[in-house]
Each structure stands twice: as structure tokens, then as C-alpha cells.
Amino acid sequence: MAKKKAGGKSKRASNLDSPQSIPKTFTDPMDPETAAFRWERAPSIPPSVAPSPRTVPEVLSDPPTPAREPTPELYPEYDSPRSASPGMEPGPWGGHSTAAEEPRMGDYFTKRRHLLDILKNLHSTGIQNELDLPQIVVIGSQSVGKSSLIESMSGVSGISETFLCYLSDFLMPWHTPAYSSSGFRHVYQVPNGMSFAIRSSLVVQDITSLPRGSHRTTSRYDARGTRAILRPELDPTLFIDDSDLQVFGVPLTFSGNCVCIQVEGPNVPDLYFYDLPGIIANVGDGGNEADIKLVEDLAKSYIKRSNCIVLLVISCETDFENQGAGRLVLKDPALRKRTIGVLTKVDRIEFGGASKWVRMLRGEDQPLLHGWYCVKQRDLVQLQEGVTWEEARSFETEFFQTTSPWADLDASQRARLGSQKLADRLGSILSNLVSQELPGIRKTVNVELSKVNKRLSELAPPSISDPRKVVITLIRDFTKKLSKHIEGIPPMVNPADPTDTTATGLLHNLNEAYERFRVKLHKTAPQFRPWSTTSNVDSQTQKRLLDTAKQDDDAVGLGKTNSLHADEVMDLAKRSRTRELPGNYPFSVKERLILESVNQWSDLAQECFSEVKDIVVRHIIRIVDEHFKGYNNGGLKEAVSKITSEQIVKCTALTKKKIEGLYQSERSPYTQNEQYFLSYKAKMLNRYKSIYQELEGKTNLVTALRGYNPSNKWSIDTNQWSYLNQAIANLQAFGITVSAEDLIILLPQHDTSQALDIMAEVRAYFQVGYKRFGDNVPKQIDADFVRGIDSSEDGLDVALMSMDLSTEKCLDYLQEPVTVIRERSDLTSKKKRL
């Protein structure tokens with residue numbers, strides 16, 4: 001009957017007896033029906049050390065208790081020489097030595113336990129979130145017996161069925177307490193930074209009354225945590241009352257979160273595992289193909305670490321070539337040097353198929369530095385009959401001693417048969433790795449501790465004896481800084497952010513806005529055409545004539561005002577006559593033409609002010625944010641921003657009113673700038689007549705008058721040059737100084753002469769008015785808005801003094817930001833751990 005149990009089929013098994021602990025990962029949601037957990041926050045884990053796919057959130061640990069000294073008979077591997085696989089050199093974590101070279105057993109195990117004690121204590125502080133600690137990672141394809149192997153080592157069944165959606169780690173302490181803690185702590189980290197923790201209600205139980213392999217009760221709250229990490233897109237508060245169940249969506253299949261499970265007992269090995277999800281070869285109908293890459297990437301993120309021992313689990317039930325985990329690990333020569341192979345389900349090898357697995361065990365195929373081991377877990381019959389782990393270990397030993405080809409192996413290969421031999425070897429390698437890594441860990445800790453102390457000194461809480469003085473000084477310095485910016489400070493040479501006016505210069509940006517306003521204003525100039533609508537003027541000729549007309553004034557021909565020809569202006573003048581004498585036309589004609597341009601100025605002025613206001617407001621916000629960046633929490637920044645906004649609103653209303661007044665004054669044509677007005681009118685009238693005469697057939701004469709050069713007789717026709725020289729000389733004899741081009745005005749009059757005069761006068765007045773308005777609007781904005789915000793009479797500094805500046809309120813203002821308090825708290829916790 002015993003043989004039958006030992007040789008039966010095993011769906012899942014494992015086994016190990018020696019004092020310690022383990023880690024693990026799961027793939028399916030847990031069953032909410034088995035419930036007995038309580039829900040609680042996890043205040044002991046600050047956000048800076050929140051769980052990640054490569055860290056353990058928290059380790060439950062009991063105070064050290066007297067350890068039971070292991071006896072040599074529990075570790076038969078040390079009674080005989082151990083050899084690595086052929087062709088592999090000893091590795092950095094302790095190669096293989098002969099029995100003669102072994103230290104005394106008591107000294108050896110005392111040192112090993114001490115080293116693993118150090119690893120346990122490091123994990124118990126949570127420092128693994130910041131330091132890369134030595135670890136064992138269990139990797140294998142799906143259904144190779146990986147979880148059963150770990151359950152056999154921990155002596156606790158049902159772990160894989162309970163937590164099937166997390167990356168988890170098993171800590172297996174190495175003390176022998178009178179009572180065993182089989183508690184859990186699961187910390188779920190969700191997208192908004194909130195952490196939830198679940199702790200088992202069965203924390204301490206008498207080891208004698210709790211058979212190995214017994215199931216613990218779990219809580220429906222654990223299922224809530226499960227759902228929370230598998231639905232990261234949802235608000236985590238929905239999971240507290242199961243509201244998430246009403247939200248449609250597809251949960252993730254896997255999560256990188258860790259579940260830390262600590263198991264203690266007198267027969268638990270000195271080990272610490274990370275059990276990763278099984279490598280997926282393909283997914284079934286309705287499955288998510290992205291899970292294949294997700295799980296593989298998760299495995300790669302662990303095994304790439306140089307201080308990671310890889311426990312590669314291979315099932316003898318399936319060809320090695322079909323198991324993706326093997327390909328993932330063994331293709332890298334460096335990984336072979338820190339990998340231990342485990343062959344499971346050896347009782348399911350088909351008849352005649354054991355030879356290839358024996359070759360691997362001997363190191364003849366797929367050699368590893370630390371070699372291959374074979375284990376046999378409980379089969380299905382044994383599981384149904386409730387066979388304990390102690391009994392299962394006996395069946396395993398009997399199986400390897402009585403079953404061929406395992407019973408026929410030599411002593412060195414038989415030393416690699418059985419889960420107890422595997423666990424002992426893992427403990428030895430892990431302790432050697434810890435010994436090797438400790439100097440580096442100590443150095444890293446010292447460096448990190450120095451950084452933490454430096455940052456804590458920078459974040460030291462300020463010592464405030466007079467809060468009113470501090471607040472008033474802050475406000476005064478702010479208004480002084482703002483005044484300097486308003487008066488103008490030199491910009492940075494090469495500002496990193498061209499939109500940052502504190503770097504590019506406030507006044508520089510305002511002047512650019514004023515220049516854009518001037519250009520837009522100039523484009524409202526009257527668009528007169530000094531020729532008749534019936535004139536046959538092609539586009540090329542029209543462009544040349546307009547270029548002649550504008551010369552030093554680009555607004556001609558480029559504006560948005562409707563264009564008017566000479567005959568259209570003349571028609572308007574005639575239709576506007578009332579009781580005037582012949583040859584006279586009412587002033588309303590010119591006024592009407594002037595208003596065609598002026599009516600566009602109001603919108604342009606308000607648009608300019610809006611642009612300036614936006615620039616100034618953004619500039620002030622930057623100064624406020626920079627100056628009061630450490631005072632958000634107490635409301636000081638908010639209070640200053642509120643009063644500053646009120647000051648801006650007041651200045652805005654006043655400035656808009658003043659701008660509207662400027663616009664209304666421009667609607668009534670008037671100027672005292674007589675000389676500029678008359679000279680500009682004469683210049684434009686001369687240009688208009690020249691263009692008109694040219695189109696009337698006097699092109700040669702007009703060209704001669706324009707091209708005349710008194711010092712160069714060949715500049716025009718020699719006869720024309722002589723006549724013009726003589727005419728100009730005669731006029732100078734009468735005391736009249738003129739240029740040849742001025743003589744164009746003497747050309748015969750025509751029926752549109754009055755129209756050209758009106759056009760020239762309107763255009764001249766526009767030039768006077770546009771320049772005046774283009775100056776007055778920026779001046780008004782600068783005086784009433786830009787400078788008005790910080791005026792000496794009722795400026796911002798006066799307004800800020802209306803704040804509540806009592807001692808109690810100032811103390812509130814000076815409260816530290818939550819971010820600073822949180823960072824200091826996180827650093828203090830980190831310092832404690834370090």
C-alpha cells in the first residue's frame with residue numbers, strides 16, 4: 001500500500017523539513033467564500049516604499065527565539081562529496097568541496113543560520129524596496145509542479161489555490177518557536193497611491209494543533225484587495241463596499257503586486273522564494289495574448305539581477321524542448337552559473353523515457369553550475385487520503401531508493417534526489433550569496449543613508465519665533481520683486497522657455513504686443529485709388545502705381561478698409577452737398593471717410609489690452625508660484641493670489657474705461673499738429689496727381705519730372721533737362737525753391753481734382769490720428785493697468801496689508817506643504833530602515 005501511494009500520480013506536491021520560510025506568485029482571483037480576514041489601512045508603508053512588481057510590501061516577523069541546532073543526519077549531503085555538472089566551473093556562491101574540506105557541521109550551520117538571519121532581518125525592515133537583496137526566484141512553465149514544490153517546502157497546502165493572481169514571496173524563518181505564525185499580510189498598491197492591507201485573523205496557532213498542510217481561513221476582504229489590483233482603472237474606494245462589482249469591465253489576468261507570506265515552524269527550511277507565474281506558451285479561447293509577454297517580461301525582470309538564484313522547475317511529464325522556462329533561462333550562459341535545475345513529476349515518466357532525464361541529472365545534458373535535482377511530490381491518491389508532508393517525505397525517499405533508474409545511481413547523483421536535499425542545497429547557496437553581497441549592501445546602505453541625512457537637513461522644519469514678521473517680510477519681498485519686474489529687469493541670455501516672461505522680460509513681451517497693435521492699426525488706413533473705375537488698369541500696373549503712392553508708407557494698398565477710386569469719392573462729395581456754394585463740399589464727406597478707418601480702432605485697442613493683460617497675469621502667477629511655493633498648505637499663497645486677482649480686476653475695469661474714452665475722442669477729427677498734417681497732405685496730393693496724370697497720357701512728362709537730376713543732363717531727355725533747369729533757376733530768382741516733381745501740381749486740372757484733394761486730406765489726417773492713437777493706447781494701458789497694479793497710492797502692497805495678519809493666522813499661513821511633510825516622513829522611515 002505504501003508503494004502504491006509513493007508511486008501514484010501526483011497532481012501537486014512538495015515537502016521539506018527544517019526550520020525556516022518562503023515567497024510566491026499567483027495567477028487567478030481568490031475564492032471570496034473562505035473568509036475570516038479583517039480589512040485595514042496600511043499606515044506603516046509610506047508611498048515611497050509602496051509595493052512594486054519586484055518588491056515585497058511587508059514581512060511579518062516574530063522576535064528571535066532559540067534555534068534548534070540541526071544534526072548532520074538531517075543533512076546527508078554534507079557526508080559525501082558534491083560535484084557540479086561536468087564542464088561547469090565553481091561559481092561565486094560557493095562551489096563544491098570534498099568532505100575533508102567541510103568545516104565542522106555545527107560551525108557550518110551556525111554560520112549559515114546567522115547569515116540567513118541577516119537576510120530575514122533585512123527583509124523584515126522592508127529595505128528590499130530600496131536595496132537589491134539576494135533572493136531565489138522560482139521559474140517554470142505552467143503546470144510543472146512549481147507551486148507544489150514550494151508547498152512541500154513550506155508544509156502548508158492550499159496557498160496556490162488561495163492567492164492565484166499575485167506575484168508573491170514566501171519567507172520561511174529558521175527559528176523553532178513554540179508557536180507558529182501562519183499569518184499573511186497583503187498590501188495592494190493601486191494607481192492613486194492608496195494602499196490597502198489585509199491581515200489574517202489566524203496569526204498565532206499552536207503548531208501541535210495545526211497539522212502541516214492544513215488550510216487557513218481567509219476573508220472576503222482579501223477578495224476585494226484582489227479585485228482592486230486587477231482593476232487599476234477604478235477608484236479604489238469602490239472596493240470597500242463591493243461597488244466595483246456593479247462596474248462593467250474586464251479585469252487583468254495578472255498583477256505584479258507581491259503577497260508576502262511568512263511561515264514558521266520547527267521543520268521549515270531556511271529559504272526565501274519569489275514564485276513567479278508560470279511561463280505561458282499559448283492562451284485558450286477568450287484569453288489575453290498579452291499575458292504571454294507580460295509573464296515573460298516579469299520573469300526576465302527578476303532573473304536578470306546578478307544576485308538572483310534561479311530555481312528552474314522542469315516537468316518530466318513533458319519534453320524539455322516544449323517548456324518555455326527552460327529556453328528562457330538556459331540560453332544565457334551567465335544564467336547557467338546561478339541556476340539550480342529541479343525535475344518534478346518523475347513518477348510520470350513514460351516507460352523507457354527516463355534516460356534523458358538521468359543524463360541531465362548527471363550533467364551530461366543541459367549542464368548547470370549547481371546541477372539538477374529530482375523531487376517527487378504527493379500524488380492524487382495521497383492527496384485524497386490526506387497524507388501528511390512527513391509521510392510524503394518518507395514515500396519520496398522510498399520511491400528513489402526502490403525505483404529504477406533512480407535507485408541505480410551512484411552516491412553523487414543520489415545526493416541530488418529528494419526535496420530535502422534540494423532545500424538544503426538552496427539554503428547553502430543562499431547563505432553564500434548573502435555572505436558575498438553583505439559588503440556591497442553595507443556600502444550601498446551608507447551611501448543611501450548619507451543622501452537621506454542630507455535631504456532631511458534640507459527639509460528641517462523652520463524655527464519661527466515671530467510668525468507675523470515672517471509673513472509680512474514674505475509679502476513685502478513679493479511686492480518688491482513684482483515692482484522690479486514692472487519697472488523692467490534684463491532678460492536671460494538664452495531662456496530655456498521662450499514663453500516664460502520672467503526669463504524673456506516682461507516689458508519686452510509687452511512691447512512686442514504694442515508693436516502688433518500698431519501694425520494692425522496701420523492696416524486700417526484708407527485704401528484710395530487715384531484713378532477712375534473706368535480706367536483700364538491691369539493688376540501689374542496697379543501694383544506699380546500703389547508702390548509709387550505708398551513709398552514710405554506701407555499701409556497704402558495693404559489695409560482692410562474698403563478701397564475707393566477717385567470717381568467714387570467725387571460722386572460721394574457731390575451727393576453730400578447741401579447749400580454750399582459751387583466748388584465747395586461739406587466737411588462731413590471727409591469725416592465720413594475718416595470714420596471708415598477709426599471705427600475699427602475700438603476692437604483693436606481692446607484686443608491689445610486683452611493680450612497685455614494675459615501676459616501680465618501669467619507673469620504675476622509665475623512670480624506668486626515661485627515666491628510662495630512652500631506655503632500652499634497654510635493658505636498664504638491662496639490669500640495673496642486672491643487679493644492680487646482683485647487688484648487686477650480693479651485695474652482692468654479702469655483701463656477699459658480709459659481706452660474707450662480714447663476711442664470716442666478719435667471719432668471727432670481734430671489735430672493741432674498742423675505742420676505735419678499739411679506737409680503730409682501735400683506729399684500725398686502730389687503722388688495722387690502724378691499717378692492720375694500718368695494714366696491720362698502724360699507719362700513722359702511725369703517720368704521726366706520724377707527722374708530729373710540737376711547734376712546729370714543725361715538723366716532725362718537733354719531738351720527737357722535744359723527747360724527744367726531754366727524754369728527752376730527762374731523760380732529761384734524770385735525766391736521760390738521747388739523740385740522738379742513739385743511741378744506736377746501745375747499740370748492742367750480735371751474734373752476729379754477735388755476728389756484727389758479730399759483723398760489726400762483724409763489720408764493725411766489718418767496718418768496723424770493713427771500715430772496719436774497708437775501711442776496713447778499703450779501709454780494708457782501701461783499707466784492704468786501695468787503700473788496701476790503696483791501704484792504707490794492704492795497698489796497691491798496696500799491691498800495685501802488688508803489680509804488677516806494676526807499671530808494665529810500667520811502661524812496657519814506658515815504651515816508646511818503636505819508634500820514636504822510626507823517627504824520628510826518617508827525619509828525618516830527610510831532612515832530608520834537603513
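Predicted model: local features only at pLDDT ≥ 70, side-chain atom pairs only at ≥ 80, totals over all residues.

Analyst: Residues are numbered from 1 along each chain as its sequence is written, and side-chain values use heavy atoms, with hydrogens and water left out.

User: What share of the protein chain's residues count as buried?
Analyst: Buried means under 20% relative accessible area, exposed over 50% and partly exposed in between, with a 1.4 Å probe and protein chains only. The protein chain has 834 residues, and the buried share is 51%.

User: How many helices and strands does the protein chain have?
Analyst: Both are DSSP runs numbered from the N terminus: helices are H or I with at least four residues, strands are E with at least two. On that count, the protein chain has 28 helices and 14 strands.

User: Are H19 and H25 parallel, perpendicular or oblique to each other?
Analyst: Axes are lines fitted to C-alpha atoms, for helices over the stretch in contact, and angles run from 0 to 180 degrees between N-to-C directions. H19 (residues 587-598) and H25 (residues 753-786) have axes 10 Å apart, at an angle of about 45°. Under 35 degrees counts as roughly parallel, over 145 as roughly antiparallel, 65 to 115 as roughly perpendicular and the rest as oblique. So H19 and H25 are oblique.

User: Which residues of H25 does H19 meet?
Analyst: Contact here means heavy atoms within 4.5 Å. From the H19 side come Val589, Lys590, Leu593, Ile594 and Ser597, and their partners in H25 are Ile758, Glu761, Val762, Tyr765 and Phe766.

User: Which residues of H16 are buried?
Analyst: H16 covers residues 506-522. Helices H14 (467-487), H15 (501-504), H20 (601-627) and H25 are included in what covers its buried residues. Those buried residues are Leu506, Asn509, Leu510, Ala513, Tyr514, Phe517, Leu521 and His522.

User: Where is Pro405, and is its peptide bond from Ser404 cis or trans?
Analyst: Pro405 sits in the loop between H11 (389-402) and H12 (411-414). Omega of the bond from Ser404 to Pro405 is near 10°, and that bond is cis.

User: Is Lys345 buried or exposed?
Analyst: Lys345 belongs to the loop between strand E11 (339-344) and helix H9 (355-362). Its phi is near 55°, a positive value in a residue other than glycine. With a relative accessible area of 8%, Lys345 is buried.

Note on methods: Expected span 1.5 Å × (residues − 1).
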